[in-house]
Amino acid sequence: MYVYALNIDEPGWLADMIASTLDLSLEERQALLAMADPSERLRKVSVLLGRELEVLELEESIQSQVRREVDRGQREMFLREQMRVIQHELGEADIFQQELGELRERIEQKEMTAEAKDKALKELGRLLMIPPMAPEVGIIRTYLDWLLDLPWLAQSEDNLDLAHAARVLDAEHYGLPKAKERILEYMAVHQLAGEQMKTPILCFVGPPGTGKTSLGKSIASALGREFVRVSLGGVHDEAEIRGHRRTYIGALPGRIIQTMRRVGTINPVFMLDEIDKLGADFRGDPAAALLEVLDPEQNHAFSDHYLDVSYDLSRVFFITTANYLDPIPPALLDRMEVIEFPGYVEDEKVSIARHFLIPRQLKQHGLEGRGVHFDESALRLICREYTYEAGVRNLEREIAKVCRKLARRVAEGKRVTRRITAAKLPAYLGPPPFLPMLAEETDEVGVATGLAWTEAGGDIMAIEVTLMPGKGALLLTGQLGDVMQESAQAALSYTRSRARQLGIEPDEFDRLDIHVHLPEGAIPKDGPSAGITLATALISALTQRKVRRDVAMTGEITLRGRVLPVGGVREKILTAHRAGVQQVLLPKRNEKDLTEIPKHVLRDLDLKLVTRMDEVLGWALLPPQGGPDSRPAATSAHDEISAGGDHAA
Ligand SMILES: Nc1ncnc2c1ncn2[C@@H]1O[C@H](COP(=O)(O)OP(=O)(O)OP(=O)(O)O)[C@@H](O)[C@H]1O
Ligand SMILES: [Mg+2]
């Protein structure tokens, strides 16, 4: 046809010949025939040819696409079929089938909640549907393993023998009456009420090394339950508590479920350590997830994203621990019963060392039965000058150090002194790092001793004030927080307003710059409780009256010179006692807190309850040089009258 067309010279003919081979409608053919001019007819035919060409090309591309897809499907089917045959030849397909059968059996035999069993069987059904080599197989099997390994109903039998529990608790820990009592009460109620009783959620709060974690362990052994501990310090991500959804690659359950799998019973004693160090950021708030864990109303149906089946945590005995209450989210705190672990006084530490720490260290160092004995004086010296803490962790560390040195001498075959006396301590431990920490050696002007509440329990804090010629500026250094800075302002305003009564020239303030510094400048300090100490140091500097070095104080100050109550009284008083302070000035309204303080500590200290700044000054300041003794100051009503009166500014 092509050759034939090439041989036609006449354009009209050529057009007619081509048109006759095209697939045209009747109208189009007629229109062509109606064209008299051959070249015009030829042009029209060329347009029609172009259209035909396009249609053909489109058809072709569709065809090839269809072919490709069919090919791929066939290829896959073919390969799978081949694989199946190979597996069959190797006997693997049967193994897979057999494994699935075993899985089914395990699921059927495992003690599970109905919901979990349903879920497991459903997943097993999915496994049967997909080819054994599909990537989902691994994911589903891991998931099934989790369901099968978790304890769902298995629980350990509680030992509710109160006498036994009391014995265990006392055998492992000295003191801590509040915590021990709470546990015994729980057991008693549990005995009476049985399963209806909601398990309490306790929160142990106290300085480091006061036995929170280790008492948790004893509780577990007293009750005959498993013990597990999870640290929440630095947990920022909600998923760490609650897991990732299974759609994530490498998804796992959260720490709670992981831990439950590890323990293997649904009623362990579960310690959540350092709940005050929980973080929160863009990855979600772990505290919110913890709420669900720690709320007795909802933790019977805890939802882990990975597990996707509700899990019953209501039998778990949760104990959380914290050094501080402040950072714990209030909603969380509200769910828990707070039990305080106050710091130990020296006598308590000596007892703990004698009955628990020394025997344990001797045993660990293989020195048992060798007659090693620590003198009481040596223990007291360690408490006082080698450690500075509310708990007993460093005390134990120092005892271990002595034991280590002894063990070495024994191993070297040298002569060993069995009796460790205070005099021999430096030979083992070196010179003492903490000298008794009275703030000042002598009575000084412009330095007052405050009592602070810190993570280590309590601390003695010197506040220094220096005056320089200047224009009445107040300079504060030593990393004071906002509240403490305001407290310093208030102390200054009080002093200015009472300048005349205090014997200070009112216009003195305009000629001086006042610098207030709290040493150990690198440690941030905050809170209102240094108010009266700030005022005392300030007034001492301005009046040049010395502050008695053996007086320590704590209390918030108002502009009118009233003394308001503060927190952490027990820790502060114990610190003062440890530091060898003679007299402690405490807000009158803190009197109720004194019940928590051991009697002999109160006996040793000369405690003065104050309501007004005048009394504080009366006790703390020495009389002006050559003047009469101002102690004790009378509380008087005239304070109120001049308050705010002498403001120079
Ligand atoms: N009352 C006590 N009786 C016997 N041993 C004690 C007592 N208090 C603490 N200990 C011992 O002190 C050590 C430290 O205690 P533990 O680890 O429980 O401190 P903690 O309160 O959990 O501290 P942190 O807040 O730093 O976690 C342990 O070896 C513990 O046995
Ligand atoms: Mg601990």
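Me: Which residue is the bridge partner of F204 in strand 7?

Reply: In this predicted model, the bridge partner of F204 in strand 7 is I339.

Me: What makes strand 1 and strand 7 count as a pair?

Reply: Two strands pair if at least two bridges are found between them, and four bridges join strand 1 (residues 202–205) to strand 7, the two running parallel.

Me: Why are strand 2 and strand 7 said to stand at the edges?

Reply: The sheet is open and has five strands in the order 2-3-6-1-7, with parallel pairing. Strand 2 (227–231) and strand 7 (337–340) each have a single partner strand, so one side of each is left without a neighbour in the sheet. From one strand to the next, the twist averages 25°.

Me: How do you know that strand 3 is paired with strand 2 and with strand 6?

Reply: The bridges must number at least two for a pair; strand 2 is joined to strand 3 by five, and strand 3 to strand 6 by four, so both meet the criterion, and each pair runs parallel.

Me: What makes strand 3 largely enclosed by the rest of the structure?

Reply: A residue is buried if 20 or more other C-beta atoms lie within 10 Å of its own, and four of the five residues of strand 3 are buried, so this strand is largely enclosed.

Me: Which strands does helix 10 touch where it packs on the sheet?

Reply: Helix 10 touches strand 1, strand 2, strand 3 (269–273) and strand 6 (317–322), and its direction makes about 170° with that of strand 3.

Me: Which element gives the most to the shell around ligand 1?

Reply: That element is helix 10, with three residues. The shell around ligand 1 holds 19 residues, of which P208, G211, K212, T213 and S214 come nearest. Two or more residues come from each of helix 10 (212–223), helix 15 (346–364) and helix 17 (393–411). By type, the residues of this shell divide into six nonpolar, ten polar and three charged, and at least three are drawn from each of domain 3 (162–340) and domain 4 (346–429).

Me: Why is L176 called buried?

Reply: The cut-off for a buried residue is 20 or more other C-beta atoms within 10 Å, and L176 has 23, so L176 is buried. This residue lies in the loop between helix 8 (162–172) and helix 9 (177–193), and has a positive phi of about 50° although it is not a glycine. Such a value stands out because most residues other than glycine have a negative phi.

Me: Why does Q479 count as partly exposed?

Reply: A residue is exposed with 12 or fewer C-beta neighbours and buried with 20 or more; Q479 has 14 inside 10 Å, and therefore counts as partly exposed. Q479 is found in the loop between strand 13 (474–477) and helix 19 (482–497), with a positive phi of about 55° although it is not a glycine.

Me: What makes helix 25 mostly covered?

Reply: Seven of the eight residues of helix 25 (residues 613–620) are buried, namely M613, D614, E615, V616, L617, W619 and A620.

Conventions: Residues are numbered from 1 along each chain as its sequence is written. Chains are lettered from A and ligands numbered from 1 in the order in which they are written. This is a predicted model: local features need pLDDT of at least 70, side-chain atom pairs count only at pLDDT 80 or more; totals for chains, interfaces and linings use all residues. A residue is near a molecule or strand if its C-beta atom, placed from the backbone, lies within 6 Å of it. Ala, Val, Leu, Ile, Met, Phe, Trp, Tyr, Cys and Pro count as nonpolar, Asp, Glu, Lys and Arg as charged, and the others, Gly among them, as polar. Domain bounds come from an automatic or database domain assignment. Axes are lines fitted to C-alpha atoms, for helices over the stretch in contact, and angles run from 0 to 180 degrees between N-to-C directions. Two residues are in contact if their C-beta atoms, placed from the backbone, lie within 7 Å.
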